[in-house]
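Please walk through this model strand by strand. Keep the sequence and the coordinates side by side.

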Amino acid sequence: GINTSGIGIGRDIVAIIDKGTANEKRFVLNAFYSAKLNSFTTGDIKYQLEGIADGLHTYTLKVWDVYNNSSEATIEFLVKNNDDVQLEHVLNYPNPFSTNTIFHFDHNLSGQNLNVVITIMTVTGKVMKTIEAYVPNAPGHVSSITWNGRDDYDDKPAKGVYIYRIVVTTEDGRKAEKVEKMVILN
């Protein structure tokens, strides 16, 4: 099992930010460890890091088991304190499709309430469908907006290539948009 007692010198669960540098920060995480149900070898550590400067950092986690064996792992991460809405990995799946598709996107404002407007257009720019969705407490990856492949008049559009614009707006008015293509196979 994982040693969470901290008994013994240096036997704590420790996170180290920027190990070996002048900016090194250490956190003892014994109280933030939760064992998985019915398992003595796995669990989760949930701890909110705050006050980390912009830039590339390392995160090293060292844990001990009850037999005094240690394990250590290091990852790199990037901190970017930018309040602008950023959209990544905007897509619809399946694409191409015949009857239904689901819109997916990643954003940098996890936990905020988002208003999403998806406008589907012909390649000449004629709007054929507008989808509006409110996503409360939005996860970092949104995949809850579906479309049945019909236009605003509930008609099936012709097969072909279409363009869609996704606009994501926060409650305080910040927004971002992306344009992508889709193929309908009617």
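The paragraphs below cover strand pairing, backbone exceptions and salt bridges.

This is a predicted model, in which local features need pLDDT of at least 70, side-chain atom pairs count only at pLDDT 80 or more, and totals for chains, interfaces and linings use all residues. Residues are numbered from 1 along each chain as its sequence is written, and side-chain values use heavy atoms, with hydrogens and water left out.

Start with strand β8, residues 101–107. Strands here are DSSP runs of E with at least two residues, numbered from the N terminus. Five of the seven residues in β8 are buried, so the strand is mostly covered. Buried means under 20% relative accessible area, exposed means over 50%, and partly exposed lies in between (1.4 Å probe, protein chains only).

Two strands pair if DSSP finds at least two bridges between them. Strand β7 (residues 87–93) pairs with β8 over five bridges. Within that pairing, Y93 has I102 as its bridge partner. Five bridges also join β8 to β11, which spans residues 141–147. There, T101 stands opposite W147.

Now follow the chain out of β7. The peptide bond from Y93 to P94 is cis, with omega near 0°. P94 sits in the loop between β7 and β8. That loop also holds P96. The bond from N95 to P96 is cis too, with omega near 10°. Most residues other than glycine have a negative phi, and most peptide bonds are trans.

N137 is not a glycine, yet its phi is positive, about 45°. It lies in the loop between β10 (127–135) and β11. At 53% relative accessibility, N137 is exposed. D154 is another non-glycine with a positive phi, about 65°. D154 belongs to the loop between β11 and β12. Its relative accessibility is 48%, so D154 counts as partly exposed.

Next comes strand β12, residues 160–170. Eight bridges join it to β9 (residues 114–121), and the two run antiparallel. V117 stands opposite V167 in this pairing. Strand β12 also runs antiparallel to β13 (residues 175–184), with 10 bridges between them. Here I166 faces K178 across the pair. In a regular strand the side chains alternate between the two faces of the sheet.

A salt bridge joins the side chains of R174 and D172, at 3.0 Å from N to O. R174 is partly exposed at 22% relative accessibility, whereas D172 is exposed at 55%.

How many salt bridges are there? The count is five. A salt bridge needs a side-chain nitrogen of Lys or Arg within 4 Å of a carboxyl oxygen of Asp or Glu. One of them joins E72 to K19, with the closest N and O atoms 3.0 Å apart. E72 lies in β6 (residues 70–79) and K19 in the loop between β1 (14–17) and β2 (25–28), so the pair ties together parts 53 residues apart in sequence. E72 is partly exposed at 39%, and K19 is partly exposed at 37%.

Another salt bridge joins K36 to D44, and its closest N and O atoms are 3.4 Å apart. K36 has a relative accessible area of 41%, so it is partly exposed. D44 is partly exposed at 32%.

Note on methods: Helices (H or I, at least four residues) and strands (E, at least two) are DSSP runs, numbered from the N terminus.
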